[in-house]
Amino acid sequence: MSFVEQARVHPETSARFGDFHPPLERQAALAEANRCLFCFDAPCAGACPTHIDVPRFIKKIASGNLAGSARTILDANILGASCARACPVDVLCEGACVLHRYNKKPIQIGLLQRFAMDSLHASGAPLPFTPAADTGLSVALIGAGPASLACGAELRRRGIRAILYDAHPLPGGLNTYGVAEYKLPLIESLREIEMLSQLGVEFHFDTWIDAQRLADLEGEHDAVFLGIGLGAIRQLGIPDEHLPGVTNALDLIAGYKSGKLTQVPPRVVVIGAGNTAIDAAIASVRLGATEVHIVYRRGPEQMSAFSFEYEHARLEGVKFLWHAQPTRFLGGNAVEAVELTGSITLPADLVVLAIGQETQPSLSQKVQLDRGRIIIDRASGQTSNPKFFAGGDCINGGREVVDAVADGKRAGIGIAAWLEAKLARI
Ligand code: SF4
């Protein structure tokens with residue numbers, strides 16, 4: 001059964017999470033592509049962590065070569081379809097577009113990238129790459145999120161076996177379970193990974209890797225890639241935090257994306273003001289809440305959410321309470337309110353913690369850390385333990401999907417180069 005067939009998305013849930021940015025129709029895409037100046041030394045490409053050759057793929061759209069356009073994208077970013085939807089383009093490629101200098105609207109690079117990738121998927125054409133001849137080498141990749149997927153693709157293109165282990169029943173990590181549905185539907189994440197698996201990436205799902213199993217994998221494989229993300233969601237450490245009805249943003253998002261959660265109660269309070277908090281608040285509105293508050297201990301200028309996310313939440317009716325710190329939860333059998341500094345009591349049927357994850361990932365005993373993050377060589381992704389490489393949130397503390405893809409790609413190339421050099425010395 002394909003990954004898409006295994007997903008149990010509730011039809012009502014997906015209907016509530018329409019596209020954040022509707023796709024471009026063919027004529028609109030051609031017109032938009034023809035607005036591009038095809039800059040030499042294009043700043044948009046420099047602003048992309050995976051360095052997609054933006055003017056090149058746009059030029060191919062303009063000339064009607066959609067397969068070539070998709071290939072240009074995939075050459076640099078094997079998860080080009082999900083990045084087209086999930087990337088904060090306003091602060092990356094589109095934010096760098098030269099048209100800003102002329103007071104013109106930047107090229108809609110994200111939507112054009114999506115147009116090229118959707119066209120490839122709709123055509124039913126295979127992935128435009130094949131694995132190289134088998135080298136007899138193998139790598140274990142822990143986690144099946146964007147970093148491991150990108151690393152695995154690089155390895156397969158060099159004839160190295162890539163075997164991914166993940167505790168979840170489906171691949172994709174945060175792409176599948178953690179990015180808001182209106183940005184990246186679960187089905188789209190799985191469709192993309194199905195295409196990628198044509199390279200021969202192998203998966204072991206529902207597989208928890210503990211320290212002993214990691215030691216075994218180290219012995220069984222030529223290298224190990226750690227794409228293990230971050231630790232648990234942080235706790236506030238205030239009274240009655242474990243009352244039923246207090247949850248966290250990642251569980252809420254994974255719950256509705258996997259079809260287990262189809263509605264929330266009327267009054268929801270989200271604690272924190274990062275992009276994940278915004279996603280949880282908007283999801284609560286779409287899942288039936290009538291009153292959603294975001295509570296943040298600082299002011300709007302200090303919140304880590306992007307300003308366009310903040311505006312989006314306000315448009316959805318989310319209310320913000322600034323300079324408010326929860327001091328305890330109130331309730332009997334379940335949470336009924338949050339007590340805040342300043343003697344404010346905010347009624348709540350559901351409280352969602354979104355104050356970040358622990359930066360100390362599990363399985364990091366084998367490698368050196370700096371403030372909870374795995375230290376790597378920035379050129380190769382290699383850790384202090386030469387057989388171990390790492391990428392994604394466990395090294396960067398939690399950034400964008402495209403950053404994880406860039407990390408995985410670098411590590412895949414780094415592992416292949418390290419193994420090649422090792423073989424040359426034998
Ligand atoms: Fe096109 Fe803007 Fe990139 Fe120039 S900077 S190549 S105009 S998208």
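In the predicted model, strands β9, β10 and β11 form an open three-stranded sheet, arranged in the order β9-β10-β11 with antiparallel pairing. The edge positions are taken by β9 (326–331) and β11 (344–347); each has a single partner strand, so one side of each lacks a neighbour in the sheet. On average, neighbouring strands of this sheet are turned by 25° against each other, direction ignored. Strand β10, which spans residues 335–340, runs antiparallel to β11 and is joined to it by four bridges. Across this pair, Leu340 stands opposite Ile344 of β11. Strands of a sheet pair through backbone hydrogen bonds, in either a parallel or an antiparallel manner.

Nonpolar side chains tend to be buried together in soluble globular proteins. In this model, the largest nonpolar core contains 78 residues, and the members that touch the most others are Phe57, Ile58, Ile78, Leu112 and Ile415. The most residues in this core come from helix α18 (residues 401–425), which supplies nine. Both domain 1 (19–123) and domain 2 (138–231 + 358–425) are represented in the core, each by at least three residues.

The surroundings of Ile58 were examined individually. When neighbours within four places in sequence are left aside, Ile58 is in contact with Ala33, Cys36, Phe38, Ile107, Ile109 and Leu112. Of these contact partners, Leu112 is itself listed among the residues of the largest core that touch the most other members.

Technical notes:
Residues are numbered from 1 along each chain as its sequence is written. This is a predicted model: local features need pLDDT of at least 70, side-chain atom pairs count only at pLDDT 80 or more; totals for chains, interfaces and linings use all residues. Side-chain values use heavy atoms; hydrogens and water are left out. Two strands pair if DSSP finds at least two bridges between them. Helices (H or I, at least four residues) and strands (E, at least two) are DSSP runs, numbered from the N terminus. Axes are lines fitted to C-alpha atoms, for helices over the stretch in contact, and angles run from 0 to 180 degrees between N-to-C directions. A nonpolar core is a set of buried Ala, Val, Leu, Ile, Met, Phe, Trp, Tyr and Cys residues joined through side-chain atoms within 4.5 Å. Buried means under 20% relative accessible area, exposed over 50%, partly exposed in between (1.4 Å probe, protein chains only). Domain bounds come from an automatic or database domain assignment. Contact means heavy atoms within 4.5 Å.
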